[in-house]
Structures are given as structure tokens and as C-alpha cells.
Amino acid sequence: MKKYSSIELLRFLTSLSVLLYHYRHFFSPYNILSQENYESFSSNLPFYNIANSFYSYGFYGVHVFYTISGFVFAYVYLSLKEETSLKEFSVNRIARLYPLHFLTLLIVTILQFSYFSKFGNFQFDLINDFYHFFLQIFFISSWGFESGNSFNGPIWSVSVEIGIYIIFFFLIKIINNYKVYFLVLLSIFLVVVDKLNFTETLFLECARLFFSGVLIFYLYDKFIRNRSIFFTISLVMLILSFVGNFKTFVFCPAILMVFLSMENLIKAENIKTIFSALGNLTYSLYLLHIPFQLIIIYISHQLFGNLDFIYNNYFFTIYFISLFFVAHFVFKRFEKPANKLIRKKLLN
């Protein structure tokens with residue numbers, strides 16, 4: 001199935017934005033071994049003038065990724081002529097997401113208890129008890145049963161996304177039948193439920209963003225021969241998202257539409273290959289950066305007693321290049337083979 005090169009690039013950038021936002025983990029109050037508060041020293045961060053927006057607002061990369069996921073799932077599953085069985089759908093999701101989740105969960109568990117043994121506390125203010133480990137094992141760590149983020153913290157968004165995947169699967173027939181009409185009504189319903197404040201959860205916001213991506217799939221298909229109109233709409237939405245209070249629900253679909261508008265400009269095969277490779281790093285980067293940081297902080301404290309080098313542009317560059325290299329290696333040698341193995345065992 002065709003890959004959208006523009007989407008692959010955007011996937012990578014959303015992951016990168018989260019990594020930049022989480023650079024703050026090297027400081028207190030996140031880092032229990034640091035005396036330097038992030039708010040006081042953030043202006044000294046590497047390439048601050050260029051990366052300041054990502055240091056401050058990079059967490060919105062997660063929100064954008066939900067919209068991307070909605071578009072991709074619509075493209076994959078709403079274009080099929082034959083129905084996908086629940087078994088096939090579930091196995092594909094488990095094969096794609098669970099192996100790296102389980103591996104990083106084990107690594108983070110070992111590292112966090114090493115911190116606890118050495119310093120009397122866990123790192124990054126996470127809840128690391130048996131109950132939350134149990135929730136992590138079953139990928140339900142953000143389904144409302146938890147008391148907060150635990151172990152490999154960023155996995156919360158994947159846990160929520162799995163719940164949305166399940167809902168999406170059972171709505172496939174309805175979406176195929178009623179398309180835009182149903183998606184608009186669903187979006188209105190999710191907004192109303194959220195405004196009624198029945199419960200405090202990110203699930204409703206993430207679901208809105210996901211299904212906005214599904215809606216964009218139909219809009220993109222409708223305007224595929226009128227790209228200029230599609231691009232104009234996306235720019236207007238992007239501008240409106242910054243008018244007054246920042247509007248996540250407008251910004252995320254808009255940025256996705258902007259990138260989709262550039263799809264026909266990406267023609268060189270070598271560029272497509274590069275963007276595809278970058279897109280493949282997304283999940284590995286997202287799950288590996290926390291254990292990577294835990295290792296760096298622990299070793300640095302043992303060897304130097306401080307983390308003064310985190311302000312250094314050279315360390316920053318080496319840190320990210322090393323993380324990209326490890327993510328690429330893990331994707332090639334673990335993620336991809338594990339995915340194929342699980343699908344082969346469970347689907348054949």
C-alpha cells in the first residue's frame with residue numbers, strides 16, 4: 001500500500017518535537033539528581049533561539065500524531081474492499097506496538113529500581129509499583145485505572161490510542177456508510193461530552209483529534225484534483241488556530257492538511273526513501289528516549305557528579321544523533337522482525 005511521504009515526514013517531526021520538549025527531564029523537578037530548575041535555566045538550552053518553541057510546546061506533537069493516526073487508519077481500513085476481521089485487526093496492532101512496549105517497560109523497570117536502590121527514589125516523578133506495572137503489561141495504563149503516569153511515561157498516549165483503535169474498528173461499517181455526515185456528528189458529540197465535564201480525561205480530546213484525521217481523509221479525497229483549494233483551507237484553519245486562545249482541535253487537522261498539500265511536490269525517489277526511513281523511527285524514538293535519558297543521567301552522576309554538559313551544543317547534537325542511531329537499529333533488528341514473527345504465528 002502506498003505511503004504518503006509528507007505524512008512520514010510529519011510523523012517524524014511530531015516525534016522530534018516531543019523529544020525536544022522532554023529535554024527538560026535533565027533538570028529538576030523532573031530529574032531528582034539535579035539542583036537546577038528547568039524554568040530558571042531553560043533559556044541556556046542548546047540552540048535555544050531556534051528550538052525554543054519546541055522546548056515549550058513540543059508536547060503538541062502527540063496531539064498532531066493522533067490526527068495523523070486517524071488519517072492513516074482511514075486510508076488503510078476504509079479503502080479495503082473486503083472487511084478486516086477483529087482477529088487480523090488486533091494482531092496487526094499488537095504486532096506493531098507491543099514488542100517494543102514490553103522491551104522498554106522491562107528496561108525502564110530495571111533502571112528505575114536501580115535509581116531507587118541507589119538514591120532512595122524513582123526518577124522523573126513516575127509511579128512504579130506492581131499495580132501500575134500490571135496496567136502497563138496489558139496496555140491499559142491510561143484507561144482510567146491509574147493514579148498517574150508510570151514506568152515509561154510516554155506510553156500513556158499509545159495506551160489511549162489503543163482504546164480509540166478499538167472504537168474505530170467497530171465504527172468502520174458506519175463510517176463507510178455515512179462518511180462525512182457521521183464523522184461531523186461524532187465530532188460534535190465528542191465536543192459536547194467534553195464540555196459537560198463528566199470526567200477529566202484526555203481520551204475525549206485524543207478521540208476528537210483521531211476522528212478529525214479520518215474526516216480529513218475524505219476531504220483530501222474530495223479535493224485531490226483541487227489541491228489549491230485544499231491548501232487554502234488548511235492555511236486559513238492554521239491561522240485561525242492561533243487567533244485568540246490556541247485551538248488544538250483546529251491546529252492539528254490544519255497542519256496535517258498543510259503537509260498533505262505538499263504530497264505531489266515530493267517526487268524524487270531518494271527523498272521518499274529518506275522520509276519513509278524517518279517515519280519508521282517515530283515509535284522507537286518515542287519509546288526509547290526515556291530509558292536513554294535514564295542511562296545518561298545515571299552514568300553522568302556516577303562519573304562527573306553533574307550534568308553541566310547538557311547546555312553544550314555538541315552534547316545536544318551527539319545525544320540526538322545517538323538516539324536516532326539506536327532507534328534505527330532497534331527498528332531494523334527488533335521492531336520489524338518481531339512484527340513479522342507475531343503476524344506469521346498468529347495469522348497463518
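Predicted model: local features only at pLDDT ≥ 70, side-chain atom pairs only at ≥ 80, totals over all residues.

Modeller: Let us begin with Lys272.

Colleague: With which residue does the side chain of Lys272 meet in a salt bridge?

Modeller: The general idea is that side chains of opposite charge can pair when their charged atoms come close. Here the partner of Lys272 is Glu269, with 3.8 Å from N to O. Glu269 has a relative accessibility of 54% and therefore counts as exposed.

Colleague: Where do Glu269 and Lys272 lie, and how many residues apart are they?

Modeller: An α-helix has 3.6 residues a turn, so residues three or four places apart point the same way. Glu269 and Lys272 are both part of helix 11, which covers residues 269–280, and they are three residues apart, about one turn of the helix.

Colleague: How many salt bridges does the count come to?

Modeller: The count comes to four salt bridges. One of them joins the side chains of Glu83 and Lys173, at 3.6 Å from N to O. Glu83 belongs to the loop between helix 4 (60–77) and helix 5 (86–119), while Lys173 belongs to helix 7 (residues 155–195), so this pair ties together parts that are 90 residues apart in sequence. Glu83 and Lys173 are both exposed.

Colleague: What is the distance between the closest N and O atoms in the salt bridge of Glu335 with Arg96?

Modeller: The closest N and O atoms of Glu335 and Arg96 are 2.6 Å apart. Because Glu335 is in helix 13 and Arg96 in helix 5, the pair ties together parts that are 239 residues apart in sequence. Glu335 is buried, with a relative accessible area of 5%, whereas Arg96 is partly exposed, at 21%.

Colleague: Which residues gather in a patch of positive charge on the surface?

Modeller: That patch brings together Lys3, Lys332, Arg333, Lys336 and Lys340. Lys336 is found in helix 13, residues 313–347. Lys336 has 35% relative accessibility and so counts as partly exposed.

Colleague: Which residues form the nonpolar patch on the surface, and what is their accessible area together?

Modeller: Leu86, Tyr131, Trp143, Phe145, Ile166 and Phe170 form the nonpolar patch, and together they have about 610 Å² of accessible area. Trp143 is placed in the loop between helix 6 (130–137) and helix 7. With a relative accessible area of 37%, Trp143 is partly exposed.

Colleague: Is Ser141 buried or exposed?

Modeller: Ser141 is buried, its relative accessible area being 6%. Ser141 is also in the loop between helix 6 and helix 7.

Colleague: Why is helix 10 described as largely enclosed by the rest of the structure?

Modeller: The reason is that twelve of its 14 residues are buried. Among the buried residues of helix 10 are Thr248, Phe251, Cys252, Pro253 and Ser261.

Key: Residues numbered from 1 in each chain as written. Heavy atoms only, no water. Patch = residues over 30% accessible without salt bridge, like charges linked within 9 Å, V, L, I, M, F, W, Y side chains within 5 Å. Areas by Shrake-Rupley, 256 points an atom, 1.4 Å probe, with all protein chains shown as cover. Lys, Arg positive; Asp, Glu negative; His and termini not counted. Charge placed at Lys NZ, Arg CZ, Asp CG, Glu CD. Helix = DSSP H or I, 4+ residues; strand = E, 2+ residues; numbered from the N terminus. Buried < 20%, exposed > 50% of the residue type's maximum accessible area, 1.4 Å probe, protein only.
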